[in-house]
Amino acid sequence: MSERAAASAHQFDDAEQQHDASTLGMWVFLVTEIMFFAGMFTVYVAYRSLYPDGFAHASHHLDVLLGTINTTVLITSSLTMALAVHAAQLGRRRPLLIFLVLTMALGSTFLVIKGFEYAHKFREGLVPGPWFSYHGADAGAQQLFLSIYFAMTGVHAAHMVIGLGVLGTLVWQARRGRYGKSYYTPVELSGLYWHFVDIVWIFLFPLLYLIGRHT
Amino acid sequence: MFSNLPFFPEQASTVAQRVDALYFFLISVSGFFGILIAVLLVYFAFKYRRRSESDRPAAIHGSMALELTWTLIPFGLSMVMFFWGASVYVSLARPPDNALQVFVVGKQWMWKIQHLEGRREINELHVPVGRSVKLTMTSEDVIHSFYVPAFRVKADVLPGRYTSLWFEATKPGTYHLFCAEYCGTEHSGMIGHVVVMEPAEYQAWLSGGPPAASLATAGQALFEQLGCITCHRGDAGARGPLLVGLVGKPVQLQSGETVIADETYLRESILNPQAKIVAGFQPIMPTFKGLVSEEGLIQLIAYIKSLQPADGEKAGGLPLAEGSH
Amino acid sequence: MESTQPRVHYLNADYGIRSWLFTVDHKRIALLYLGSITVMFLLGGVFAGLIRLELLTPAGDLVEADTYNKLFTMHGIVMIFFFLIPSIPAVLGNFLIPMMIGARDLAFPRLNLLSWYIYIIGALFTLWAMLIGGVDTGWTFYTPFSTMASNTNVIPTALGIFITGFSSILTGLNFIVTIHRMRAPGLTWFRLPLFVWAHYATSLIMILGTPVVAITILLVGLERAFHLGIFDPALGGDPLLFQHLFWFYSHPAVYIMILPGMGVISEVIACFSRKAIFGYSFVAISSLAIALLGFLVWAHHMFVTGMSVYAAMIFSFLSFAVAIPSAVKVFNWTATLYEGSVSFQAPMLYALGFIGLFTIGGLTGLFLATLGLDVHVTDTYFVVAHFHYIMVGGAIMSYLGGMHFWWPKITGRMYPEAWAKIAAVIVFLGFNLTFFPQFVLGYLGMPRRYHVYPAEFQVLNVMSTAGASILGIGYLLPLVYFIWSLRYGAVATANPWHATGLEWETPSPPPTENFERTPIVTQDAYAYDTQEVQVV
Amino acid sequence: MSEHVVPVRIYFTIFTVLLVLTAVTVIVSGIDLGRMNTVVALAIAVTKAVLVILFFMHLRYSTKLTWLVVSAGFVWLSILILFTMTDVLTRGLVALTQH
């Protein structure tokens with residue numbers, strides 16, 4: 001099967017058909033990912049429209065500075081990922097490895113910062129549930145906001161962790177010289193996935209951190 | 001003859017006849033198409049049954065005229081169903097203004113019912129014949145559904161919200177009341193009866209039973225006991241908005257929006273006061289979540305509804321704009 | 001087959017359990033699914049049997065209320081998520097799509113095997129949840145009952161369904177890419193068999209809808225496990241929001257169950273009337289129309305929930321719109337028989353039965369789309385009858401029809417025709433006796449999911465239970481004679497029905513690579529009129 | 001393989017634009033524009049997402065089928081949100097028409 005780097009698997013006629021099929025498969029997979037997040041975006045939109053003030057107040061619990069830094073980190077990781085794909089396309093193994101490792105480093109940085117944010121919420125008692133320590137009059141709406149915050153960023157972080165695993169595999173395979181000018185489909189497809197995860201954050205950041213901050 | 005094998009439910013409300021008419025229309029249309037398809041299938045299958053293994057009939061690839069016919073005719077018929085069904089649905093959603101108010105609280109696994117005059121009952125609802133009755137309903141736990149087959153009405157009963165349902169019974173008698181939304185172990189035991197009585201009998205029934213304060217009176221007691229009265233006083237320096245004559249009127253909010261002060265609004269304002277702040281007031285009211293039961297809330301609302309301005313006295317809320325009636 | 005050496009085909013190419021558990025051959029994976037969903041079907045059937053037995057009498061005298069609630073919950077979960085949704089796509093679709101389009105396999109064979117493993121893991125979670133006490137939320141998991149009130153095993157069940165969802169997603173993804181990228185030369189979109197069109201539409205629903213129910217079920221699990229309060233009414237959360245998210249998938253899921261069946265019926269009707277399907281392109285496009293419109297009607301499950309009257313009208317209107325493409329299919333199938341050469345082998349009996357039952361199921365769907373009428377009949381046995389007409393009368397009839405039709409291709413053996421005809425008639429009669437009385441029960445007002453019911457409903461319930469026992473026999477017969485035929489059935493030729501379609505041009509059972517050389521397609525599907533007549 | 005190789009210059013340009021847009025959205029969020037705050041934040045997010053999809057993910061150089069697949073994703077996302085909101089936003093309206 002695809003262990004034979006450039007050759008096509010038995011069900012395909014040639015490498016080009018295989019590449020086309022894999023790319024299409026990845027895009028279709030990303031559509032299912034959009035729909036996976038869609039459920040939570042719907043919950044967000046519905047509750048934001050029902051409790052605009054509670055949501056605006058609750059968003060003040062989030063640290064915009066850390067959020068901004070994380071956005072920058074993730075966008076930079078998208079750049080390095082794009083450069084990794086670029087290096088793979090040109091068959092340059094060393095730059096490919098460097099950019100993959102850089103992407104992983106940036107991805108890990110994102111998760112570490114997110115971890116600090118989560119830890120802070122735990123310390124302040126802002127985790128929804130019986131220990132929720134905020135008891136103001138709009139506590140219900142604020143708890144809804146934080147529930148959505150944890151669900152969305154948690155699922156997003158899980159995607160980041162999976163992405164790091166995928167990138168780790170790529171690094172391992174790239175070191176073994178699996179990818180060259182004529183076969184780099186896995187690098188390209190993992191890139192698509194990584195950018196997708198970046199795009200989700202591009203929406204999460206303003207929705208959770210920014211809207212309502214001026215009030 | 002078939003006392004044990006009924007085919008059709010009793011018709012005991014004004015809307016039942018409308019629903020049944022719609023039902024018969026749909027049965028006729030479906031019956032026509034169902035029989036048409038069945039007859040054609042059987043007729044074609046036997047008329048054109050295979051006579052020889054080597055049969056290879058000429059292909060017929062289709063006919064645009066036929067495709068259009070069997071797209072447009074069903075579409076037209078379904079639009080009749082849509083508009084007819086929608087008109088019945090809209091009248092079910094709009095109780096008449098003079099409807100008798102009854103309050104229902106569902107909980108696992110019983111129906112608790114309160115009449116304005118104070119009489120309470122469980123798993124039974126007594127109503128007069130020939131008078132429209134509006135139920136305002138909520139649940140203490142999970143979703144239930146109030147269903148009276150003989151009246152052809154059903155509405156889910158949700159926690160955290162009021163839903164409503166209305167009917168006008170046409171025949172005295174006792175009818176099934178079911179919970180129609182699965183609600184746990186004793187779901188099928190969450191049943192009861194609706195007893196439809198002649199008006200005079202109903203009046204007698206209302207005043208019977210153990211002596212009880214009317215809902216509004218009970219609400220007033222709560223209103224004082226919870227200290228609502230200290231802020232909602234109605235004088236110039238009051239910290240809370242005036243409640244007299246408020247119900248049904250539009251309210252101007254801090255956010256610039258206008259909402260109608262209905263039961264749901266009053267409920268939210270008691271439990272979650274910060275959600276909608278009335279223009280010109282401070283968001284200082286504490287929440288009464290956990291301090292008032294669902295039944296208590298209903299009493300408070302009944303009391304607030306009963307506050308009507310005497311002549312010349314000022315009323316809460318905005319004046320209803322002309323033409324909004 | 002003159003040589004003494006047995007011909008090598010996909011079944012005898014390799015032996016041993018490992019050759020099955022690590023196979024990447026779509027045909028073998030289809031058989032893995034066939035085995036697993038059959039087990040689940042029998043399990044779901046046992047639950048159904050117990051439900052019907054309990055309802056024989058108005059009093060709840062066979063099982064406790066809690067047990068009854070678990071029975072209908074697990075019947076729904078097993079039948080929907082673990083039998084009906086995978087049934088035709090994962091067995092017949094897996095087996096036939098590559099062959100119908102002239103490919104050697106699906107685009108991603110290893111992903112296909114992975115899908116089966118994911119299905120099995122999900123099924124094991126759910127079975128485990130049942131073994132340790134079961135779950136009583138109803139297959140719909142309505143909040144706040146599922147998040148706060150139920151004290152049964154909601155989390156493991158939810159996890160099982162969440163996991164199985166990915167099996168469905170990956171199967172859909174595989175089909176879409178395969179149909180786009182792997183078609184044989186000359187096989188243009190409008191030459192595809194309608195079975196392939198139907199599976200393409202089904203796959204669209206699988207990839208677009210399933211992720212939403214996955215995340216919704218996950219949120220319910222998180223709410224139970226960590227008190228994340230997304231649907232909690234005490235916080236101001238909206239229970240109807242859960243229902244929106246749930247039905248966004250679960251209504252289209254009905255089309256996941258019925259569209260592949262419609263594909264089967266198109267193949268069978270064409271073959272046994274020796275005619276091209278009347279209005280081929282309308283039937284093909286109507287599958288896509290159903291897939292698209294099917295996503296715009298979900299809230300017709302919610303007309304009495306206290307949802308907005310305005311939204312209810314939009315959803316009611318669109319629900320009528322989705323009925324049209326289904327009607328178009330029924331009319332075109334009927335017209336296909338006209339001037340055909342109709343024979344009545346078992347698959348055709350199932351197909352004719354399907355059209356009849358699906359028509360009743362579809363027409364009674366109109367009652368539920370009609371706003372004022374739905375208020376009375378929703379959440380009663382009318383709904384139960386309606387969706388069983390679609391899912392059992394439609395999906396299972398077509399599944400059985402398809403299994404008979406392609407059994408010779410799959411196993412290389414013929415099933416016993418006489419027994420098959422008897423079974424088809426028994427299933428048809430038993431089904432109608434079981435479910436038709438439930439329409440009457442529903443209009444009388446008997447609510448669904450009732451353990452105990454008023455005595456006046458008993459006669460109709462007895463009829464229903466009697467029908468269920470006949471239906472049960474009808475389902476067991478094929479199970480017996482299919483297994484019997486594996487050894488004693490007549491050896492099947494490559495094309496016993498003289499059907500068109502690439503899958504019939506290769507021997508039965510097919511070789512592992514499906515075709516000796518990639519076929520080249522030069523004509524439309526169902527070219528029965530130009531077929532070379534080869535009377536045996 | 002005949003994949004389009006995008007010049008590195010384009011990647012850096014897009015990267016710079018993304019950073020600038022991030023800065024803008026953070027700064028604007030601190031200014032009270034009323035309802036426009038949400039609109040601006042979403043408009044910037046959509047722009048950023050489109051840039052990533054078109055250039056980093058090479059959609060600009062992809063087949064029509066890929067375009068179709070991507071748009072299907074966003075169309076279905078909006079179906080879910082918009083149709084749910086038809087209910088959420090109009091639930092109370094019957095009361096308004098009652099009088």
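Which share of the contacts in chain C with a separation of 6 or more comes from residues 24 or more positions apart? Such pairs make up 85% of them, a contact being two residues whose C-beta atoms, placed from the backbone, lie within 7 Å. The model is predicted: local features need pLDDT of at least 70, side-chain atom pairs count only at pLDDT 80 or more, and totals for chains, interfaces and linings use all residues. Residues are numbered from 1 along each chain as its sequence is written, while chains are lettered from A and ligands numbered from 1 in the order in which they are written.

Chain C holds 15 helices and zero strands. Helices (H or I, at least four residues) and strands (E, at least two) are DSSP runs, numbered from the N terminus. The C-alpha atoms of chain C fill a box of roughly 75 × 45 × 45 Å along the principal axes. Of the 536 residues, 68% count as buried, with 20 or more other C-beta atoms within 10 Å of their own C-beta, placed from the backbone.

Chain B contains an open sheet of five strands. Their order is β3-β2-β1-β5-β8, with mixed pairing; strands pair if DSSP finds at least two bridges between them. The edge strands of chain B, β3 (120-122) and β8 (163-168), each pair on one side only. Strands β1 (residues 100-107) and β5 (residues 132-139) of chain B run parallel, joined by seven bridges. B:F103 stands opposite B:T136 in β5(B).

Technical notes: A residue is buried if 20 or more other C-beta atoms lie within 10 Å of its own, exposed if 12 or fewer, and partly exposed in between; C-beta atoms are placed from the backbone.
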